Amino acid sequence: MLEHRFDMQFISVLDLFGGIGSICLEFASRDCPDITTVEMNPKHAGFINTTAQELGFGLQVNVQRSDVFEWLKKKRNQSKTYDLIFADPPFDMDEKKYNDLIALVMEGDFLKENGTFVLEH
């Protein structure tokens, strides 16, 4: 679906709640040049970074080890914007946190004009 909307070779992606890197590594494998993934778990963040390097995606994938909410608060209204923001938070995250996440992304000036925010649940 996303490949029909975006030319992957020319977009920037923000992957929130990176987990073990499935989403960011998939974008990298489709030649996306600019991927930032935010993951709090140090083992997971290290795994993503190591795997990206081993697969030759080290220049494409930027791993940020941080709590997603804190990272968004710290980075909001800075100059970096993204064509696509993908968030796959923990399944048991409560509704208030979902609403907080939506507000932080939408009010933080992270999306480029006509950008897309995908929130999984």
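Predicted model: local features only at pLDDT ≥ 70, side-chain atom pairs only at ≥ 80, totals over all residues.
Residues are numbered from 1 along each chain as its sequence is written, and side-chain values use heavy atoms, with hydrogens and water left out.

Five salt bridges (a side-chain nitrogen of Lys or Arg within 4 Å of a carboxyl oxygen of Asp or Glu) were found in a search of the whole structure. One of them joins the side chains of E26 and R30, with an N to O distance of 2.6 Å. Relative accessible area is 37% for E26, which is partly exposed, and R30 is likewise partly exposed at 34%; the classes are buried (under 20%), exposed (over 50%) and partly exposed in between, for a 1.4 Å probe and protein chains only.

A salt bridge also links the side chains of D83 and K112, at 3.5 Å from N to O. D83 belongs to strand 4 (residues 82–87) and K112 to strand 5 (residues 111–119), so the pair ties together parts that are 29 residues apart in sequence. D83 is buried at 15% relative accessible area, whereas K112 is partly exposed at 33%.

In the salt bridge between K96 and D100, the closest N and O atoms are 3.0 Å apart. Both residues lie in helix 5 (residues 95–107), four residues apart, about one turn of the helix. Helices (H or I, at least four residues) and strands (E, at least two) are DSSP runs numbered from the N terminus. K96 is exposed, at 55% relative accessibility, and D100 is partly exposed, at 27%.
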